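Trainee: I would like to go through this model and ask what stands behind each term. Please set the values against the definitions.

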Amino acid sequence: MNITLSESTEIPQEQIIELYKANKWSSADKPDVLYKALTNSHTLISAWEGEKLVGIGNAISDGYLVVYYPHLLVHPDHQGKGIGKLIMEKMYQKYKSFHMQMLTSDGEAVHFYKKMGFTKAGNTTPMWIYEGNEH
């Protein structure tokens, strides 16, 4: 497996939608908005096996103090091979000096993020208004 990472926002929209659908993320139902959101992120890192998009992660940030990681997806056929870790390590290198790095995790992803050094944020409770149904 030869995986390359890219910070380019030049990603074919259809490959992004295919990746989100493979992971059953409801944001795939809003392809134009999803594409704009990702390509306008503070950072967008994609993982490629040849010409195929196999993973993606993004960061939203003020550029100085706080960064939030809303999306990290790896194609189900490629999960468990270290691709998500590569993406998060690249993010960490970029934002390691920031005061706060945040994300929301659920299900099996909690264990992954704990291995990446994230901990439960004190007594905080994640809250949202969410249009999806996969959580």
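Trainee: What lines the largest cavity?

Mentor: The lining consists of Gly-57, Asn-58, Tyr-69, His-71, Leu-72, Ile-87, Met-88, Met-91 and Tyr-113. A residue counts as lining if it has an atom within 4 Å of a point of the cavity. This is a predicted model, in which local features need pLDDT of at least 70 and side-chain atom pairs count only at pLDDT 80 or more, while totals for chains, interfaces and linings use all residues. Residues are numbered from 1 along each chain as its sequence is written, and side-chain values use heavy atoms, with hydrogens and water left out.

Trainee: Why is it called a cavity and not a pocket?

Mentor: On a 1 Å grid over the protein atoms alone, a cavity is a set of points where a 1.4 Å probe fits but cannot get out; a pocket is an open set with protein on both sides within 12 Å along at least five of seven lines. The structure holds 1 cavity of 30 Å³ or more, and about 30 Å³ of space lies in the largest cavity. Elements giving two or more residues to its lining are β3, β4 and α3 (83-95).

Trainee: How do the residues of that lining divide?

Mentor: Into 6 nonpolar, 3 polar and no charged. Ala, Val, Leu, Ile, Met, Phe, Trp, Tyr, Cys and Pro count as nonpolar, Asp, Glu, Lys and Arg as charged, and the others, Gly among them, as polar.

Trainee: What is known of the second largest pocket?

Mentor: Its volume is about 580 Å³. Of the 17 lining residues, Leu-103, Thr-104, Thr-119, Lys-120 and Ala-121 lie nearest the centre. The lining divides into 9 nonpolar, 6 polar and 2 charged.

Trainee: Why is α1 called roughly perpendicular to α2?

Mentor: Helix α1 (residues 13-22) and helix α2 (residues 31-39) pack at an angle of about 105 degrees, their axes 10 Å apart. Angles of 65 to 115 degrees count as roughly perpendicular, so α1 is roughly perpendicular to α2. On the α1 side, the contact (heavy atoms within 4.5 Å) is made by Gln-13, Ile-16, Ile-17 and Tyr-20.

Technical notes: Axes are lines fitted to C-alpha atoms, for helices over the stretch in contact, and angles run from 0 to 180 degrees between N-to-C directions. Helices (H or I, at least four residues) and strands (E, at least two) are DSSP runs, numbered from the N terminus. Angles under 35 degrees count as roughly parallel, over 145 as roughly antiparallel, 65 to 115 as roughly perpendicular and the rest as oblique. Grid points are joined across faces, edges and corners, and a volume is the space filled by probe spheres set on the points.
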